[in-house]
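This report describes a model and the way its chains touch. Look at the overall outline before turning to the details.

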Amino acid sequence: MGGFESFLFSFFNLKVMATYLPLVAKGFGLTVLLALLIVLCGLALGLALAVLRSFGVRVLNWGIIFVVDLFRALPPLVIIVLLFFGLPAAGITVSGFAATWLSLTLVLMAFAEEIYWAGITAVPKGQWEAARSTGLTFLQTLRLVVLPQALRITIPPLTNRTIAITKGTALGSVVGVAEILGASQSAMSFSANPSALTLGAIAYLILFIPVVAFGRWVETRFAWKR
Amino acid sequence: MQDFTFAFLNLEIVREAWPILWSGFLYTIALSLLTVPLGMVGGVTLALLATSGPWAVRLAAAAWTDLFRAIPPLVLLVFLYAGLPFAGFDISAWGAVAIGFFLNTGAYYGEVLRAGIESVPRGQMEAARSTGLTRGQALAHVVLPQAVRNVMPDLISNTLEVVKLTSIASVVALPELLFQARQAQSVTYNATPIVAAAVAYFLLLWPLVRLISRLENKAMVGR
């Protein structure tokens with residue numbers, strides 16, 4: 001076999017790819033499910049924390065800031081490993097899927113809270129005062145006046161951060177989740193041929209290139225006019 | 001409560017595992033000192049190609065950046081480490097980490113720096129050129145310093161992500177902090193070493209997180 005043919009045989013072996021396509025496709029579904037759950041829960045929890053923080057209860061805010069800092073400083077893989085291998089020592093067993101979901105949700109929550117909070121503080125004080133003076137309550141002001149303005153400027157940084165954290169779903173392979181990487185790694189060891197891994201890489205490209213392009217579009221679409 | 005302390009905050013275990021945890025910590029620092037400069041070099045190159053090359057080069061640089069921003073770094077690392085040997089390229093764990101981080105981190109730094117360069121008004125380049133500076137001199141002394149200053153928060157935040165990302169080197173058995181903690185955990189049947197590693201990461205990176213948080217708040221309020 002020539003060099004090029006052996007390269008094709010190893011990395012673009014259509015027979016191997018066809019055999020393991022169903023397995024990797026299942027992994028694709030699992031990655032999408034995991035990603036959606038993380039995005040929904042992470043963004044919702046982050047917003048909840050930012051709203052809670054705007055009440056200005058000092059002790060509570062220290063707690064929020066600490067939790068946010070903690071999950072911004074810890075590598076996601078460390079949190080996953082801690083939950084998956086550590087919790088059983090406390091008599092709690094979590095699946096790899098749950099450990100990955102919870103870890104990345106907490107990380108996204110932390111980053112999202114920070115971005116939402118920066119957005120809320122960027123709304124001029126006069127907006128609060130004007131809204132309150134028309135008789136709106138604190139919560140009405142937040143919901144009807146401040147958040148709509150704050151959320152708009154948080155869209156570009158939030159989109160990019162969400163995409164980056166969603167790619168962390170591949171870390172699930174370390175704790176046995178059969179998402180794209182996990183599935184294609186098992187396929188590679190069954191077939192002793194890395195074409196399955198190529199297939200996995202292609203699956204990620206199909207999933208994330210549109211998402212990355214979308215992030216770029218959002219950045220220009222919502223760019224602040226300077 | 002006592003059970004919890006025994007399983008997660010066991011000082012006896014910390015003392016026992018200290019030497020390998022410490023060596024892992026130093027390894028993590030060494031890995032960061034390798035991967036951050038590598039990514040910077042890749043990033044500056046990509047940003048310059050994407051902003052000042054001929055149009056075909058610009059397009060290629062943008063495609064390259066999007067490609068390596070779309071592939072999760074762990075996938076890239078596994079591909080390099082476990083896949084390439086099948087094609088006869090036997091690559092060490094260090095080599096795989098260096099190449100993987102160069103490609104991944106370089107793309108991220110490249111994107112940040114590109115935005116920085118584009119934020120510097122065109123007149124700066126023109127004025128610098130009209131004073132007799134060459135294109136390279138104008139880039140190095142006039143455009144890049146302003147570009148870097150404009151995106152400083154993003155650069156620091158990206159650097160934090162790179163240091164955190166070195167933890168995936170544990171997957172290819174490089175004995176960095178997370179790997180050593182896992183080893184100690186499996187030998188002692190106790191979760192304390194992983195908690196200790198988490199504490200170490202937190203203490204190492206917390207100052208950086210505070211700094212970034214401050215810079216980001218300022219950037220958004222300043223708009």
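## Overall dimensions

Chain A has a radius of gyration of 22 Å, whereas a compact globule of 226 residues would have one near 17 Å. The radius is taken over C-alpha atoms, and the globule rule is 2.2 Å times the number of residues to the power 0.38. Along the principal axes, the C-alpha atoms of chain A fill a box of roughly 80 × 50 × 25 Å.

This is a predicted model, in which local features need pLDDT of at least 70 and side-chain atom pairs count only at pLDDT 80 or more, while totals for chains, interfaces and linings use all residues. Residues are numbered from 1 along each chain as its sequence is written, and chains are lettered from A and ligands numbered from 1 in the order in which they are written.

## Helices

Chain A contains 9 helices and 0 strands; these are DSSP runs numbered from the N terminus (helices: H or I, at least four residues; strands: E, at least two).

H5(A) has 27 residues and spans 39 Å from its first C-alpha to its last, close to the 39 Å expected. The expected span is 1.5 Å times one less than the number of residues. H5(A) is largely enclosed by the rest of the structure, because 22 of its 27 residues are buried. Buried means that 20 or more other C-beta atoms, placed from the backbone, lie within 10 Å of a residue's own.

Technical notes: A residue is buried if 20 or more other C-beta atoms lie within 10 Å of its own, exposed if 12 or fewer, and partly exposed in between; C-beta atoms are placed from the backbone.
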